[in-house]
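Please have the sequence and the model open while reading.

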Amino acid sequence: MESREQYLRDLKQWLSDTADSPLEEMADFFTKRLDGYEEHMGIWEKSYQRFAELLPDACRNILDLGCGTGLELDQIWKKNPDIAVTGVDLCEDMLDRLRQKHPEKKLTTVCRDYFQYDFGSEQWDAVISFESLHHFLPEAKKELYKKIFLGLKAGGVFLLGDYLACCEEEEELLRGTYTEKRKKSVIPEQHFVHFDIPLTLEHELSLLESAGFHAEKIWDAPEEADIIVAKKE
Ligand SMILES: C[S@@+](CC[C@H](N)C(=O)[O-])C[C@H]1O[C@@H](n2cnc3c(N)ncnc32)[C@H](O)[C@@H]1O
């Protein structure tokens, strides 16, 4: 396995090679890559399977934040075909693909920004999100986690499958580049762009705990798709 030093060297090289590449708007980024998207994400098949296993059997309704074409839902419905899902995503083309794959399932799709969408109060058995939240700054995530906590029923669970930074150096390197690139292209604050700014496990857990969750990492994936289970106890 690659050492942390080598990983950081490669990351710095990649950031330097792509220093002049403009940032792409979030939904456009995924629309352009829709064909081939699921094959590309296939490297995380085991994480998707583990994610589905970690969802409590008693769940009847779930909210999926950044559901995309639903790779996590493919696994969840294999295990529990009757589960009702509300999938929120910015990208209508990704949602179209999801609906085409699962016409017979209890599925509601919402083409919206999950920071703006109302999750209600004590409404969901589980809230899930896979590979979506590493695009956002901790301040925004903190508010989102509070909203998720409020939306969950007592005893509910938030399953987060995501890319975590290996250390503070990676976190700061990526966030610094993100801020720099946004400034250079004069991108307004409310516009979403595709650029990875993962947090370290420690920072991610601390945000979840500050929202009221009891959280721990359950699955350590070699390829940037770790799983955190956050419980509303
Ligand atoms: C890497 S894809 C993951 C999709 C799916 N969860 C999976 O694992 O295959 C990230 C998804 O998050 C969506 N997304 C990013 N920011 C979002 C936001 N603020 N509100 C809703 N969806 C968002 C993107 O449109 C994209 O479909």
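The model is a predicted one, in which local features need pLDDT of at least 70 and side-chain atom pairs count only at pLDDT 80 or more, while totals for chains, interfaces and linings use all residues. Residues are numbered from 1 along each chain as its sequence is written.

An open sheet of mixed pairing is formed by 7 strands in the order 4-3-2-5-6-9-8. Its edge strands, each pairing on one side only, are strand 4 (107-111) and strand 8. On average, neighbouring strands of this sheet are turned by 20° against each other, direction ignored. Strands here are DSSP runs of E with at least two residues, and helices are runs of H or I with at least four residues, both numbered from the N terminus; two strands pair if DSSP finds at least two bridges between them.

**Strand 9 and its partners**

Strand 9 (residues 226-231) is largely enclosed by the rest of the structure, because 5 of its 6 residues are buried. A residue is buried if 20 or more other C-beta atoms, placed from the backbone, lie within 10 Å of its own, exposed if 12 or fewer do, and partly exposed in between. Strand 9 pairs in the antiparallel sense with strand 6 (residues 152-162) over 6 bridges, and 5 bridges join strand 9 to strand 8 (residues 214-219), again antiparallel. Some opposing residues are set out below.

| Residue | Opposite residue in strand 9 |
|---|---|
| Leu 160 | Ile 228 |
| Glu 216 | Val 229 |
| His 214 | Lys 231 |

**Helices on the sheet**

Helix 4 (residues 45-54) packs on the sheet, where it touches strand 5 (124-130), strand 6, strand 8 and strand 9, and its direction makes about 15° with that of strand 9. Helix 7 lies across strand 2 (61-65), strand 5 and strand 6, running at about 140° to strand 6. Axes are lines fitted to C-alpha atoms, for helices over the stretch in contact, and angles run from 0 to 180 degrees between N-to-C directions.

**Pro 138**

Pro 138 lies in helix 7 (residues 138-151) and is partly exposed, with 15 other C-beta atoms within 10 Å. Leaving aside neighbours within four places in sequence, Pro 138 is in contact (C-beta atoms, placed from the backbone, within 7 Å) with Leu 199, His 203 and Leu 207. The C-alpha atoms of Pro 138 and Tyr 48, which are 90 residues apart along the chain, are separated by 24 Å.

Technical notes. Contact = placed C-beta atoms within 7 Å.
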